[in-house]
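Reader: I would like to go through this structure with you, one topic at a time. Please keep to what can be read from the coordinates.

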Number of protein chains: 2
Amino acid sequence: MNAPAAGQEGPLALICGAGSLPLAVADLVAARGRQVLLFPLQGIARPEDYATRPHTWIRIAQTGPFERAVRASGCKEVVLIGALVRPSIWQLRLNWTTLRLLPRIVAAYRGGDDHLLSGVAKLIEERGLSLRGAHEVAPEILVPKGTLGRVQPTEHDRADIALGLEYLRVTGPFDVGQAVVVAGRHVLAVEAAEGTDEMIARVAELRANGRIRAATRGVLIKAPKRGQDRRFDLPSIGPRTVEGIARAGLAGIAAAAGGTIIADAEQLVQSADNVKIFIVGVTAGSEP
Amino acid sequence: MNAPAAGQEGPLALICGAGSLPLAVADLVAARGRQVLLFPLQGIARPEDYATRPHTWIRIAQTGPFERAVRASGCKEVVLIGALVRPSIWQLRLNWTTLRLLPRIVAAYRGGDDHLLSGVAKLIEERGLSLRGAHEVAPEILVPKGTLGRVQPTEHDRADIALGLEYLRVTGPFDVGQAVVVAGRHVLAVEAAEGTDEMIARVAELRANGRIRAATRGVLIKAPKRGQDRRFDLPSIGPRTVEGIARAGLAGIAAAAGGTIIADAEQLVQSADNVKIFIVGVTAGSEP
């Protein structure tokens with residue numbers, strides 16, 4: 001673990017989006033003895049998740065409360081977690097009047113998510129803060145290489161995984177989805193703006209309609225895009241992913257080792273074992 | 001028009017799948033004075049479409065009735081139209097006992113649609129018949145280059161089209177979908193096993209949920225896969241495509257010129273004009 005000793009760094013500001021991942025990261029950082037300031041994003045994070053923890057609600061385009069709290073605490077480092085991944089990113093578009101306060105973000109939208117995220121990173125860094133990746137402050141959240149639970153992928157599953165990784169490699173430059181479902185060496189579904197959960201639900205529907213052969217299982221393959229800034233945009237898998245995979249009758253999940261986040265690995269692996277689904281960390285073609 | 005004069009060729013057998021395209025092709029071929037034998041596929045073609053025309057129902061794995069009718073008529077040429085494109089192709093999987101009669105087709109399934117179609121083509125050709133493309137016997141069905149109706153794509157639409165064509169070019173080798181929706185230079189949806197209509201419905205849903213900015217229109221881009229055997233697997237656009245595009249709030253349709261089929265161009269262009277949607281035939285990057 002290369003994280004500096006507690007106390008050297010000052011408090012860490014977590015800008016928190018949807019899901020349980022921000023809280024898991026907060027707990028891991030706090031367990032190292034470092035103070036964490038929570039800034040859940042209004043309209044994206046769920047109020048009930050923050051009811052029992054000190055926090056400051058912020059809006060994407062109203063940085064005042066965030067800046068005041070950060071300065072008062074002597075915080076120098078910020079992590080964006082769970083917030084600016086799809087589909088949450090689309091919700092920002094609803095609040096058009098707010099967005100107009102930050103013309104550079106609006107401009108960045110035109111170029112896809114990567115540009116938007118770079119714009120947000122720039123804004124943070126221009127305020128003298130350093131943007132860190134969640135995996136830098138809590139490396140435990142990254143998927144390791146190899147099988148995580150008791151269920152192993154078969155040879156057929158491995159062929160599906162290889163095809164899926166190759167598909168994600170060639171489509172990486174398009175700033176599109178980070179996931180694909182491959183079954184029987186056939187690409188069944190490709191994620192774009194709808195998000196991973198909805199793509200998996202589509203596969204469940206294809207199976208319910210008899211459009212996938214009963215004998216064919218299939219795999220969800222997730223990998224970060226090539227050139228992706230890993231400080232804020234790593235793909236993640238969680239309880240909803242495992243549930244969706246089970247419903248879709250898929251055999252398992254292959255996630256880029258060191259390039260995918262798991263919020264609560266122990267619990268997730270146990271629930272995957274329970275429904276006989278594998279989770280494997282794989283080396284993506286474009287990764288070192 | 002290079003089609004040989006009527007009378008030289010003998011009757012043409014049309015194996016008919018779903019939709020209005022087989023009947024449109026039948027009418028165009030008959031208008032040249034050539035006899036057409038209709039073989040709608042059971043479970044795929046709609047009985048009411050064939051009620052007023054002579055026809056022989058066939059099953060994918062029961063070739064007896066087809067072979068007898070073809071031999072009796074002196075027919076030497078066969079066209080597969082509308083039948084073996086997704087999602088119809090998946091319905092075949094339901095009839096497992098029937099499929100087992102043709103082990104080679106079953107084997108071909110494992111490699112994706114292209115392999116399946118090659119298998120069917122081989123079976124037909126081994127019976128001494130020649131497999132022709134619908135666009136060879138009725139070239140009027142191909143999308144020409146340029147704008148078809150009164151609505152023109154804007155500069156923004158053209159940028160979306162270029163991005164979509166490039167996406168389809170790099171994913172061509174994966175034997176996956178033939179269509180993509182791009183809006184504001186952002187890939188919103190990628191077609192795989194679900195089919196074009198369902199992918200367009202997904203974009204309508206994204207828009208209804210506010211996940212596409214109101215100002216962003218977007219384009220459906222359709223192109224044949226690289227190396228695709230054009231005798232039976234050209235993408236097509238029809239009335240349902242136009243309806244779906246209008247519902248999804250997209251600006252128009254870009255289809256590979258000479259590589260996409262329109263069943264009834266005149267009627268389709270009129271309904272596209274009515275809802276202010278463009279239809280443009282474009283040159284795909286991988287095309288000559």
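Reader: In which sense do strand S3 and S4 of chain B pair, and over how many bridges?

Author: Strand S3 (residues 77-81) of chain B pairs with S4(B) in the parallel sense, over 3 bridges. Strands pair if DSSP finds at least two bridges between them. Within S4(B), B:Arg132 is the bridge partner of B:Val79. Please note that this is a predicted model, in which local features need pLDDT of at least 70 and side-chain atom pairs count only at pLDDT 80 or more, while totals for chains, interfaces and linings use all residues. Residues are numbered from 1 along each chain as its sequence is written, chains are lettered from A and ligands numbered from 1 in the order in which they are written, and side-chain values use heavy atoms, with hydrogens and water left out.

Reader: What is the strand order of the sheet in chain B that includes S3 and S4?

Author: The order is S2-S1-S3-S4 in an open sheet of 4 strands, with parallel pairing. Strand S2 (36-40) and strand S4 (130-132) of chain B each have a single partner strand, so one side of each is left without a neighbour in the sheet. On average, neighbouring strands of this sheet are turned by 30° against each other, direction ignored. Helices (H or I, at least four residues) and strands (E, at least two) are DSSP runs, numbered from the N terminus.

Reader: And what does helix H2 of chain B lie across?

Author: Helix H2 (residues 64-73) of chain B lies across strand S1 (12-16), S2 and S3 of chain B, and runs at about 180° to S2(B). Axes are lines fitted to C-alpha atoms, for helices over the stretch in contact (heavy atoms within 4.5 Å). The angles run from 0 to 180 degrees between N-to-C directions.

Reader: Turning to strand S8 of chain B, are its faces covered or open?

Author: Both faces are covered: B:Val219 and B:Ile221 on one side, and B:Leu220 and B:Lys222 on the other, are all buried. Buried means under 20% relative accessible area, exposed over 50%, and partly exposed in between (1.4 Å probe, protein chains only). In a regular strand the side chains alternate between the two faces of the sheet.

Reader: Which strands are joined to S8(B)?

Author: Strand S6 (residues 179-183) of chain B is joined to S8(B) by 4 bridges and runs antiparallel, with B:Ala179 opposite B:Lys222. Strand S10 (residues 252-256) of chain B is joined to S8(B) by 4 bridges and runs parallel, with B:Val219 opposite B:Gly252.

Reader: Where do A:Phe39 and A:Phe66 lie?

Author: A:Phe39 is in strand S2 (residues 36-40) of chain A and A:Phe66 in helix H2 (residues 64-73) of chain A, so the pair ties together parts 27 residues apart in sequence. A:Phe39 is buried, with a relative accessible area of 1%, and A:Phe66 is buried at 6%.

Reader: What about A:Tyr167 and B:Phe174?

Author: They form an edge-to-face aromatic pair, 5.0 Å centre to centre with 75° between the planes. This pair crosses between chains, from A:Tyr167 in helix H8 (residues 155-171) of chain A to B:Phe174 in the loop between helix H8 (155-171) and S6 of chain B. Both A:Tyr167 and B:Phe174 are buried.

Methods: Phe/Tyr/Trp six-rings, centres within 6.5 Å; stacked < 30°, edge-to-face > 60°.
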